[in-house]
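Dear colleague,

I am passing on the structure we spoke about, and below it you will find my notes on what turned up when I went through it. Please read them with the structure open beside you.

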Amino acid sequence: MSGKAAAVCLVLLAACQAIPAADAPQADGPLLGGLAAVDITPPVPYRMSGYFHERLSDGVLDPLRAKAMVLAQGGRKLAIVSCDVIALTREITDPARKRIAEALKIPPANVLISATHTHTGPLYMGVLRDYFHQRAVDKTGSDDCEKDPYPPRLIEGIVQAVTKAHAALKPVRLEAGSARQEGLSFNRRFHMQDGSVVFNPGVLNPRIVRPAGPIDPQVGIVLCRDAADGKALGGIVNFALHLDTTGGTKYSADYPHYLEQSLRRTLGEQFVCLYGTGTCGDINHIDVTRRERLTAERIGATLADTVAAKTGSLGAVHADLAAQSRTIELPLPQFTDEQIDQARADMPKVGTRELPFLGQVEACRRLAVHKRGAATMKHEVQVLRLGRELAVVGLPGEVFVELGQAVKKASPFQTTLVIELAQDCPAYVPTRKAFAEGSYETVNTHVTSGGGERLAETACELLKQAAKQ
Ligand SMILES: [Zn+2]
């Protein structure tokens, strides 16, 4: 960890002193839990997300799903949902949470919905989707890629997953802990010989000096076991690794699909594995020191072995459900009218060789920020306390790894999962250090320098409150 990241940790540690779990009051009532998964795969040839060019789907490798874990205890209920899509926005999560609150009496603050960030899912929102969609309509009078609108389908999938998990509620017990996973994740930003910092400089690039940041080898694990027979009904795996390993034009949940498949062989076919993507804004699976590329299948199977090896020695969680949610307002990047006009003029060049890559990213970012029509953006930070030893944090956007590590280090809970891309997406959330260094992620962002640290500090304050409550 760099000196500046360590400084972030120290600040957060000072703000969050450890709370001894033994003194905490015990929650009343038995814990009930339920898990469910619902298919959210769009029809072919819906456009696919993840890159700055148009890419149409032509098949399904494995289905995309919304997966939910619902917990209930003494009148309190929590829901955690992971969706196999690139990102979520308030246009999806607000109506989904509203419907869940109305139908199941789970308050919106108690529902954490996140995207796994698979790059082999639908491009259903954002500036690029709008541009490709409008271009198709202008050209042919209709957009054949989007015969059915996807957002209502996604909202319905989320609501159905939570509804089914709620209907499956039965006495359960929770276990949690963390394992260590080496060899799958790599910081993708590098200091180069010319003094610059660049992302993805290419394998065996002789101008690489050293990585510009750490990785987080910690794998957070939550298991939900049937209280009667101990069978593992499902769980959450939390690891900081970008989901861009499958590629191609067939829908896939990426490596979490193989993770779940492998875990089912050990824990049984009933096992529903929610994947809580860790803070991996600057982390991917590319080892620049070798040509061989890790596959989604190998990543999923390796991660499953690590999780399975730990399942016998996880700690018991004394269930005590609570939820914290706080919305903070952060400044958006500001652009002049001329810069917006330039971005509009540049859009036809996106996905072509007529504009450098970062120019394409900047054009999309300017229009996306402009579309928000405000000088600031509201960001929700969530903390769900599952027990005296276990909390789950939800942060919006693709958060840099040091921010998530700082939150975990400062957390008073024995096990803290930090899940990114929760509720909304301001694109990347870099550290102050990364903003000073520049490169891709600091262009593809709707926050400004210091915003990431504010989100992390807020998470830390909520964790402190949750531990005291
Ligand atoms: Zn990505």
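To begin with a loop, Pro 45 lies between strand E1 (32-39) and strand E2 (59-60), and the peptide bond that joins Val 44 to Pro 45 is cis, with omega at about 5 degrees. Please keep in mind throughout that this is a predicted model.

Most peptide bonds are trans, and most residues other than glycine have a negative phi. Against that background, two further loop residues deserve a look. Lys 105, in the loop between helix H2 (90-104) and strand E5 (111-115), has a positive phi, near 60 degrees, although this residue is not a glycine. Ser 439, in the loop between helix H10 (432-437) and helix H11 (440-443), likewise is not a glycine and has a positive phi, near 85 degrees. As for their surroundings, Lys 105 counts as exposed because it has 12 C-beta neighbours inside 10 Å, whereas Ser 439 is buried, with 21 other C-beta atoms within 10 Å.

Next comes a sheet. It is open, has 3 strands in the order E9-E8-E10, and its pairing is antiparallel. Strand E9 (197-199) and strand E10 (208-211) each have a single partner strand and stand at the edges, so one side of each is left without a neighbour in the sheet. On average, and with direction ignored, neighbouring strands of this sheet are turned by 40 degrees against each other. Strand E8 (residues 189-192) and E10 run antiparallel and are joined by 3 bridges; His 191 has Arg 210 in E10 as its bridge partner.

Arg 180 belongs to strand E6 (residues 170-180) and is exposed, with 9 other C-beta atoms within 10 Å. Once its neighbours within four places in sequence are set aside, Arg 180 is in contact with Pro 217 and Gln 218. Val 237 is 57 residues from Arg 180 in sequence, and the two are 12 Å apart in space, C-alpha to C-alpha.

Finally, there is a pair of helices. The axes of helix H9 (residues 401-410) and helix H12 (residues 451-468) come within 9 Å and cross at roughly 20 degrees, which means that H9 is roughly parallel to H12. Their crossing is right-handed. On the H9 side the contact is made by Leu 403, Ala 406, Val 407 and Ala 410, and on the H12 side by Gly 452, Leu 455, Ala 456, Ala 459 and Cys 460. Sorted by class, this contact has 8 nonpolar residues, 1 polar residue and no charged ones.

Technical notes
Residues numbered from 1 in each chain as written. Predicted model: local features only at pLDDT ≥ 70, side-chain atom pairs only at ≥ 80, totals over all residues. Axes fitted to C-alpha atoms, helices over the stretch in contact; angles between N-to-C directions. Helix = DSSP H or I, 4+ residues; strand = E, 2+ residues; numbered from the N terminus. Parallel < 35°, antiparallel > 145°, perpendicular 65-115°, else oblique. Left-handed = near helix turned anticlockwise from the far one by under 90°. Contact = placed C-beta atoms within 7 Å. Nonpolar A, V, L, I, M, F, W, Y, C, P; charged D, E, K, R; others polar. Pairing = 2+ DSSP bridges. Buried ≥ 20, exposed ≤ 12 C-beta atoms within 10 Å, placed from the backbone.
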